[in-house]
Amino acid sequence: MARRERLERIEVRAYRIPTDAPEGDGTLRWDSTTLVVVHAHGGGATGLGYTYASKAAAGLIEDPLTSAVLQRDVFDVPGAHAAMRRALRNVGIPGAGMMALSAVDVALWDLKARILDVPLASLLGRAQERVLAYGSGGFTTYDNAGLEKQLRGWVEQGFSRVKMKVGASPDEDLGRVRVARAAVGQKPALMVDANGAYTATQARASAERYAEFGVDWLEEPVSSDDLRGLGAIRAHAPAGLRITAGEYGDTPLYFRRMLEAGAVDVLQADATRCGGVTGFLECAAQARAQQTPLSAHCAPALHTTLGCAGLGCESVEYFHDHVRIEALLFDGAPSPREGWLAPDLSRSGLGLELKQRDAERFRF
């Protein structure tokens, strides 16, 4: 007889963790990051999910998402995902709504894998045993010495790709890229992320200059909502320089429009924003159908599994702020080996456990 287990309880807590130094990109500055953690209980096990979002996401998990999924069969995660989307109709799906849904979806997939006592990567099926990681940070708030230290440190750890922020002061960006290239040497790939700070004219000019320093990845040169602008920059970019975007995507339609517009060489997706495991797999399928590489944005403790599972990813962002938080608050957070990440197949689910005592001092 088929096994049936019910979702018994959802717990959610929010934590605000200060950065280790002021951080900024082309459009924002911040000194703390909020982590929203979900525990889903049922079938004698507990699943863990999380997102990086406003604490407002925690409120949406408490109401209306919890009531939408309680007492559902824990093995029918797609059904729970659909029920949560319906519950958000009058609240608003984009933004905090989808981040809240994403955290619960991840917790439900983790719970399912733990009940079955298998790694989530194995439950979903692995396309690859490991995934390439790239060191990411290089914040615009860093001085040149700080930028050099961080990027050189990643190369010394074995990373073959590193990424830095640009766009806060466009007149200074070329000088910072020159410093970065000198710091890492000629062999490692250098990537830049403008977070939508440039105009289309600035982006086209910057792409030409960055290519002279071997930059092969220009992320969000203009807003991800400007599909025409992204497409134009891509069409005129120097050979070998890839245009990337998509990290703010929250629905399948968002990614479909970006892909059909021919706006990117590499599509980015973030499971903590785009609908959790369910949404990420949907995005991966769309990218594969359009023959576009997929790269996972931030949250490496989650994306290590997803980057290997399903259809796989070309890379995972090893983002400084999230790496620090996940190592601090999660037992089982993955560590890179020579610039690669692999899920721990000796642990069920995602293999993560919240360090409750360590987290409590950051709790809202």
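How far is the sulfur of Cys-274 from the closest cysteine sulfur? In this predicted model, the separation is 5.8 Å, the partner sits in Cys-283, and that is too far for a bond. A search of the whole structure finds 0 disulfides.

**Cysteines**

- Cys-274 counts as buried, because its relative accessibility is 2%.
- With a relative accessible area of 6%, Cys-313 is buried.
- A disulfide needs sulfur atoms within 2.5 Å, so the 5.8 Å between Cys-274 and Cys-283 rules out a bond there.

**Aromatic pairs**

- The structure holds 8 aromatic pairs.
- One of them joins Tyr-134 and Trp-217: the ring centres are 5.7 Å apart and the planes stand at 55°, so this pair is tilted.
- Tyr-134 belongs to strand β4 (residues 131–136) and Trp-217 to strand β7 (residues 215–219), so that the pair links distant parts of the chain, 83 residues apart.
- Phe-159 lies in the loop between α5 (144–156) and β5 (161–165), while Tyr-318 lies in strand β11 (residues 315–319), so the pair ties together parts that are 159 residues apart in sequence.
- Phe-159 is buried at a relative accessible area of 3%, and Tyr-318 counts as buried at 11% relative accessibility.
- Trp-30, Phe-139, Tyr-142 and Phe-319 form one aromatic cluster.

**Helices α3 and α10**

- Two packed helices are described by the angle between their axes and the distance between the axes.
- For helix α3 (residues 96–116) and helix α10 (residues 276–289), the axes come within 6 Å and cross at roughly 95°.
- Helices α3 and α10 are therefore roughly perpendicular to each other.
- On the α3 side, the contact involves Ser-102, Asp-105, Val-106 and Trp-109; on the α10 side, it involves Gly-276, Val-277 and Thr-278.
- The residues of this contact between α3 and α10 divide into 3 nonpolar, 3 polar and 1 charged.

**Thr-244 in strand β8**

- Thr-244 is found in strand β8 (residues 242–245), and it counts as buried at 0% relative accessibility.
- Leaving aside neighbours within four places in sequence, the contacts of Thr-244 include Trp-217, Leu-218, Glu-219, Glu-220 and Pro-221, together with Val-264, Val-266 and Gln-268.
- Trp-217, one of these contacts of Thr-244, is also the ring that pairs with Tyr-134.

**Backbone details to check in your viewer**

- The peptide bond from Asp-63 to Pro-64 is cis, with omega near 25°, and Pro-64 lies in helix α1 (residues 56–69).
- Gln-291 is not a glycine, yet has a positive phi of about 55°.
- Gln-291 is found in the loop between α10 and β10 (294–296), where it is exposed with a relative accessible area of 75%.
- Cys-298, a residue other than glycine, also has a positive phi, near 55°.
- Cys-298 lies in the loop between β10 and α11 (300–308), and at 4% relative accessibility it counts as buried.

Key: Residues numbered from 1 in each chain as written. Predicted model: local features only at pLDDT ≥ 70, side-chain atom pairs only at ≥ 80, totals over all residues. Heavy atoms only, no water. Axes fitted to C-alpha atoms, helices over the stretch in contact; angles between N-to-C directions. Helix = DSSP H or I, 4+ residues; strand = E, 2+ residues; numbered from the N terminus. Parallel < 35°, antiparallel > 145°, perpendicular 65-115°, else oblique. Contact = heavy atoms within 4.5 Å. Nonpolar A, V, L, I, M, F, W, Y, C, P; charged D, E, K, R; others polar. Buried < 20%, exposed > 50% of the residue type's maximum accessible area, 1.4 Å probe, protein only. Phe/Tyr/Trp six-rings, centres within 6.5 Å; stacked < 30°, edge-to-face > 60°.
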